[in-house]
Amino acid sequence: MTAAGGSLDRATTTLGAVAVASAVFVFARGDINFIRVRGGSLVVLLALGLLAIVAGRLASRTLTLAAGAGFLASAAVLLALMTQGDGGFLDGDGSTFSFWLGLGVGLLLLGLAHDQQTSTT
């Protein structure tokens, strides 16, 4: 593993840990409720966050890309549900959507950068 690969893997692990840690917002109410995490959105955060952690620990480009694609797909489904008036079974809102969008793009970029690092060394 190269130094660049190691830092990319640590970044992947960190994004996964942030996703898992955001589950604390299930208990947040009032002014500290920055991200809506309830119902199905909690399952998505924990499952894909854990997948990203595993991807980083195993230095797996494929799992990193899968976690990123999973967050983007979840964001797309949530957006479709929100156009119908609510967050549906995901019970999310715009804050959930933007959080998943950021995690998805970040993880996809890390997976693609990992690919670039291995091909140039």
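Predicted model: local features only at pLDDT ≥ 70, side-chain atom pairs only at ≥ 80, totals over all residues.
**Ground rules.** I number residues from 1 along each chain as its sequence is written, and my side-chain values use heavy atoms, with hydrogens and water left out.

**Overall make-up.** I looked up the secondary structure and found 4 helices and 0 strands in the chain. Helices here are DSSP runs of H or I with at least four residues, strands are runs of E with at least two, and both are numbered from the N terminus. The order from the N terminus is α-α-α-α.

**Burial and surface.** The chain has 121 residues, and 38% of them count as buried. I take buried as under 20% relative accessible area, exposed as over 50% and partly exposed as in between, with a 1.4 Å probe and protein chains only. The accessible surface comes to about 6,200 Å². Carbon and sulfur atoms hold 68% of that surface. Areas come from the Shrake-Rupley method with a 1.4 Å probe, and for residues only the protein chains shown count as cover.

**Contact range.** I counted a contact as heavy atoms within 4.5 Å. Of the contacts between residues at least 6 apart in sequence, 66% join residues at least 24 apart.

**Core.** I then looked up the largest nonpolar core, which has 19 residues. Such a core is a set of buried Ala, Val, Leu, Ile, Met, Phe, Trp, Tyr and Cys residues joined through side-chain atoms within 4.5 Å. The residues with the most contacts inside this core include Val-44, Phe-71, Leu-90 and Trp-100. Helix H2 (40-58), H3 and H4 each give two or more residues to the core. H3 supplies the largest share, 5 residues.

**Leu-90.** Leu-90 sits in the loop between helix H3 (61-83) and helix H4 (94-120). I find Leu-90 buried, at a relative accessible area of 4%. Leaving aside neighbours within four places in sequence, the contacts of Leu-90 include Arg-38, Gly-40, Val-44, Ser-74, Leu-81 and Trp-100.

**Ser-74.** Ser-74 is in helix H3 and is buried, with a relative accessible area of 13%. Beyond four places in sequence, I list Val-44, Leu-48, Leu-90 and Trp-100 as its contacts.

**Phe-99.** With neighbours within four places again set aside, Phe-99 is in contact with Val-18, Ala-19, Ser-22, Ile-35 and Leu-45.
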